Amino acid sequence: MGVYAPLLGVGPGPLWGSMGRRMSSCALSPPLSSVSFLFLLLLATPGARAAGYETCPVVQPDMLNVHLVAHTHDDVGWLKTVDQYYYGIENDVQHAGVQYILDSVISALLAEPTRRFIYVEMAFFSRWWHEQTNATQEIVRNLVHQGRLEFANGGWVMNDEAATHYGAIVDQMTLGLRFLEDTFGNDGRPRVAWHIDPFGHSREQASLFAQMGFDGFFFGRLDYQDKLVRKERREMEQVWRASASLRAPTADLFTGVLPNNYNPPEGLCWDVLCADQPVVDDPRSPEYNAKELVSYFLKLATAQGQSYRTNHTVMTMGSDFQYENANMWFKNLDKLIQLVNMQDVCTCGLIHDSSQQQANGSRVHVLYSTPACYLWELNKANLTWSVKEDDFFPYADGPHMFWTGYFSSRPALKRYERLSYNFLQVCNQLEALVGPAANVGPYGYGDSAPLNEAMAVLQHHDAVSGTSRQHVANDYARQLAAGWGPCEVLLSNALAKLSGSKESFSFCRYLNISICPLSQTSAHFQVTVYNPLGRKVDWMVRLPVSEGLFLVKDPSNKTVPSKVVELPSSDNPELLFPASVPALGFSIYSITRMPVRRPQARLLQPRPQKFGSPVLSIKNEYLRATFHPDTGFLRTIEVLDQKLVLPVSQAFFWYNASMGDKQSDQASGAYIFRPSRAKPFPVSHWAQTHLVKTALVQEVHQKFSAWCSQVVRLYPGQRHLELEWTVGPIPVGDKWGKEVISRFDTPLKTLGSFYTDSNGREVLKRRRDYRPSWKLNQTEPVAGNYYPVNSRIYITDGKMQLTVLTDRSQGGSSLRDGSLELMARDAAAGHRLLAEKELLAPQVVLAPGGGASYHHGVAPRTQFSGLSRELLPSVRLLTLARWGPEMLLLRLEHQFALGEDSSRNLSSPVTVDLRGLFSTFTITRLQETTLAATQLRASASRLKWTPKTGPVSHPTVPRLDPASITLQPMEIRTFVASVQWKEDS
């Protein structure tokens with residue numbers, strides 16, 4: 001790369017010629033030597049202008065313009081780990097080495113100034129960037145400035161759209177886009193969202209992209225039936241209205257379907273991984289194929305153009321991990337472009353007839369381009385576009401091939417990702433509240449960045465989706481675990497400063513399996529409960545302990561009720577006590593083992609189910625759940641204060657996973673769900689039950705089989721039931737694959753409809769065997785009706801509603817009226833505020849107690865709130881994180897949809913006063929930005945599109961007043977705040 005160093009001093013000037021056109025010449029020159037290529041590049045680069053639409057190539061207005069997009073799709077883990085892909089290790093598994101791809105592409109771009117390339121995954125590019133010399137970095141900056149290297153999407157990864165939560169999507173996009181902003185300034189800002197490989201597309205994803213400032217969105221995978229209809233109607237491109245709450249065009253996003261997923265057209269793949277014939281343009285060669293290839297390309301381009309509305313069409317020239325030898329791709333594309341676009345009669349006899357393709361009326365012009373430049377031409381066409389208001393789930397790429405299995409694949413990894421999101425928010429908040437003392441303190445150097453990057457990697461469409469190989473999934477979990485460590489140090493520094501006591505903090509990572517050494521072995525310890533919500537939370541703490549009696553005292557040294565519960569499903573008793581925790585703060589409880597040893601909860605013996613057994617029930621002041629005396633299954637849920645009774649039967653079933661049949665050889669797997677028959681088998685016709693009743697909890701433990709059990713739980717003051725399912729290891733000795741579901745059956749008349757969330761935010765109505773955009777030919781009555789459930793699914797008859805909240809992403813459906821089913825994982829029934837409480841549950845940190853004083857002469861603090869006043873229920877603090885020295889990133893959102901909660905007025909606009917809101921710092925300056933914090937909102941603008949629904953007004957940006965931040969339903973507002981931390985915090 002050093003040979004190009006002399007170019008660094010080249011100054012600005014006009015571009016050489018037209019970026020999309022070659023100089024008239026009949027000779028197809030051999031590759032330029034290093035000297036001549038250096039000379040031409042010096043001529044080409046003086047004209048470099050600022051990157052953006054102004055650097056786009058010239059097109060031919062009276063011709064069909066074929067935009068060739070040179071790209072590579074680099075999975076951030078799939079068949080190989082992230083590091084194996086980057087370094088090119090284990091190439092016998094898959095030949096892929098990202099570092100070599102980027103090396104090769106930069107060299108190829110320098111060799112010819114008309115060439116262009118796009119790159120997407122910042123997880124790889126940032127790593128490569130930091131390995132380069134200053135000279136190479138400057139060369140790349142010039143390429144970006146000239147628009148020859150363009151970034152599309154720009155997130156840390158190309159995230160999945162079914163199994164991802166919107167908060168994690170925003171975080172990973174912000175991480176990648178900030179890297180581009182810091183590295184390239186406005187030149188590096190992507191104009192186009194680019195999701196070419198995710199297996200279906202959510203409405204919320206489009207809404208987030210629009211709010212981030214993207215002008216358009218292109219994707220590759222589309223249901224095969226939908227695609228056929230769109231091609232016939234010429235609706236491969238349209239405006240996606242991605243929110244039913246936000247005022248148009250806030251969440252409107254121009255969206256295009258790529259013609260060939262993201263691969264090159266058949267026969268035109270010129271990578272080392274491909275077997276297609278290269279362009280042979282020497283007529284003297286017996287392998288000469290130029291005339292035939294050009295003819296084929298013209299027919300292909302003309303046919304493809306028939307499905308689109310403008311005189312522009314796009315071809316993706318690249319695929320998975322291609323361009324490791326970029327010269328191979330570009331050399332053939334150079335020839336193709338020159339052959340098709342040759343204007344003058346060639347006298348050298350190379351291709352004769354086909355050298356005059358445009359002169360002879362082919363009406364096709366081909367050029368190197370990018371998604372942004374293609375979008376720019378579509379916008380300039382000034383057409384009126386159709387509008388889409390639903391989403392693109394579920395995705396099928398053929399009959400019997402519904403990609404709905406990954407909604408539930410690898411549930412343990414999905415849960416670990418969700419827990420890590422919670423922990424990252426706690427880490428970010430405490431880093432923001434405490435300031436530099438959280439990073440450098442008595443416990444060492446604490447940092448949120450490693451977990452932030454690990455969480456970003458987990459959003460990749462082969463990570464949280466559960467579609468990677470097992471060793472790759474293990475590596476994803478390793479990255480999360482490694483990220484937790486620096487955050488634990490940060491939390492220790494922050495909690496010590498805020499509490500005034502340097503404790504030996506202990507983080508129990510294995511509470512999910514009732515293991516916590518400190519609580520199980522210590523006679524005395526303290527529990528710090530941190531609440532990441534903007535409102536006070538009452539929470540039941542559960543800790544594994546040894547048998548005995550414990551005294552629990554609150555921050556005011558008052559005794560609180562506690563019980564030790566012996567559980568039939570565990571050898572470890574659990575201590576329960578209620579904790580009350582202030583908004584964005586913590587409460588510290590002290591725990592002391594008393595000398596008396598006796599069980600604190602009566603554990604009833606297993607109940608053999610016999611006809612006429614007494615009714616089994618659990619209840620509190622709001623709910624009663626009864627269980628069938630013969631089967632042990634849940635039978636009714638009663639809302640006591642409203643005198644409502646809903647008969648509901650809940651049990652476990654399993655679908656036999658298809659291995660292929662006469663209709664199709666498609667089997668069920670990690671990606672595709674395909675049962676062998678529509679009717680599932682029951683796991684069991686009855687459940688063995690145990691009853692646990694105390695003043696602090698009532699539980700029914702159900703055992704359906706040796707590998708399937710459930711706890712139905714009810715706490716005092718709780719208006720919902722908790723159902724904790726344990727499934728596995730699933731027996732496969734009978735050679736039958738099993739897809740296990742939990743099904744709820746009610747008498748509700750739901751008329752074929754049910755509702756699911758979109759990435760944890762807005763809710764979409766679903767109808768069985770129906771698609772809003774086309775008439776569905778249903779080939780899989782089960783899998784074809786499954787949808788992603790990120791946080792909740794519900795059914796209603798207009799009078800009563802059954803809602804199931806999930807603690808991780810799953811697949812779910814309603815296959816008959818009154819019925820609701822989920823791939824069997826952990827779940828709870830409730831509503832939006834409960835979903836927020838589940839997502840951002842309190843974080844529990846233990847310590848032996850008796851630590852040294854942090855501030856000499858200052859008494860320790862046992863309770864703290866980072867807010868001077870609570871946020872209203874409709875307001876969620878989406879982000880509070882460090883952004884730079886004395887700068888914070890702040891996001892506030894209205895978490896209710898328009899008209900969602902009229903009874904309590906929670907769907908109305910709400911105003912927040914930021915003045916004095918935070919107790920540990922003062923905001924000295926406030927700037928509002930777009931969602932990803934890459935542009936000031938006041939100066940940000942997007943391309944304008946005209947939808948067929950009629951013109952839309954573009955609202956003016958309201959004047960920023962920290963005393964009056966108004967949030968409309970479903971609105972997220974993002975701020976960068978300069979702050980000064982208070983000394984006494």
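The C56 and C373 pair forms a disulfide, with the two sulfur atoms 2.1 Å apart. This is a predicted model, so please hear every value I give today as computed. The torsion about the S-S bond of C56 and C373 comes out at about -90°, so this disulfide is left-handed. The pair links distant parts of the chain, 317 residues apart. C56 is in the loop between α1, residues 34-44, and β1, residues 64-70, while C373 sits in helix α11, residues 371-380.

Are these two cysteines buried or exposed? The cut-off for buried is under 20% relative accessible area. C56 has 11% relative accessibility, so it counts as buried. C373 is buried as well, because its relative accessible area is 2%.

Now the rest of the disulfides. How many does a search of the whole structure find? It finds four. Counting bonded cysteines along the chain, the pattern is 1-4, 2-3, 5-6, 7-8.

One of the others joins C269 to C274, with an S to S distance of 1.8 Å. Here the two ends fall in separate classes: C269 has a relative accessible area of 9% and is buried, whereas C274, with 22%, is partly exposed.

Another disulfide runs from C508 to C516, again with S to S given as 1.8 Å. C508 is buried, with a relative accessible area of 16%. C516 is also buried, at 0% relative accessibility. While I am on cysteines, C708 is buried too, with a relative accessible area of 1%.

Next, a patch on the surface. Which residues form it? They are V272, L273 and M328, and the patch is nonpolar, with about 220 Å² of accessible area for the three together. L273 is found in the loop between β7, residues 252-257, and α9, residues 290-305. Its relative accessibility is 40%, so L273 counts as partly exposed.

V272 also comes up as a contact of N325. Leaving out residues up to four places away in sequence, N325 touches S104 and V272. Where is N325? It lies in the loop between β8, residues 312-317, and α10, residues 326-341. N325 is partly exposed, with a relative accessible area of 34%. There is also a distance to report between N325 and I101: the two are 224 residues apart in sequence, but their C-alpha atoms are 7.0 Å apart in space.

On to a helix. α15 covers residues 470-499, which is 30 residues. From its first C-alpha to its last, α15 reaches 42 Å, close to the 44 Å expected at 1.5 Å a residue. Just after α15 comes G500, which takes a positive phi of about 80°.

Last, the chain as a whole. The protein chain has 17 helices and 50 strands. Of its 985 residues, 61% are buried. For contacts with a separation of 6 or more, 75% are between residues 24 or more positions apart. The protein chain exposes about 37200 Å², and carbon and sulfur atoms supply 53% of that area.

To go back to where I began: the C56 to C373 disulfide is left-handed, and it links parts of the chain 317 residues apart.

Note on methods
Residues numbered from 1 in each chain as written. Predicted model: local features only at pLDDT ≥ 70, side-chain atom pairs only at ≥ 80, totals over all residues. Heavy atoms only, no water. Patch = residues over 30% accessible without salt bridge, like charges linked within 9 Å, V, L, I, M, F, W, Y side chains within 5 Å. Areas by Shrake-Rupley, 256 points an atom, 1.4 Å probe, with all protein chains shown as cover. Salt bridge = Lys/Arg side-chain N within 4 Å of Asp/Glu carboxyl O. Helix = DSSP H or I, 4+ residues; strand = E, 2+ residues; numbered from the N terminus. Buried < 20%, exposed > 50% of the residue type's maximum accessible area, 1.4 Å probe, protein only. Disulfide = S-S within 2.5 Å. Expected span 1.5 Å × (residues − 1). Contact = heavy atoms within 4.5 Å.
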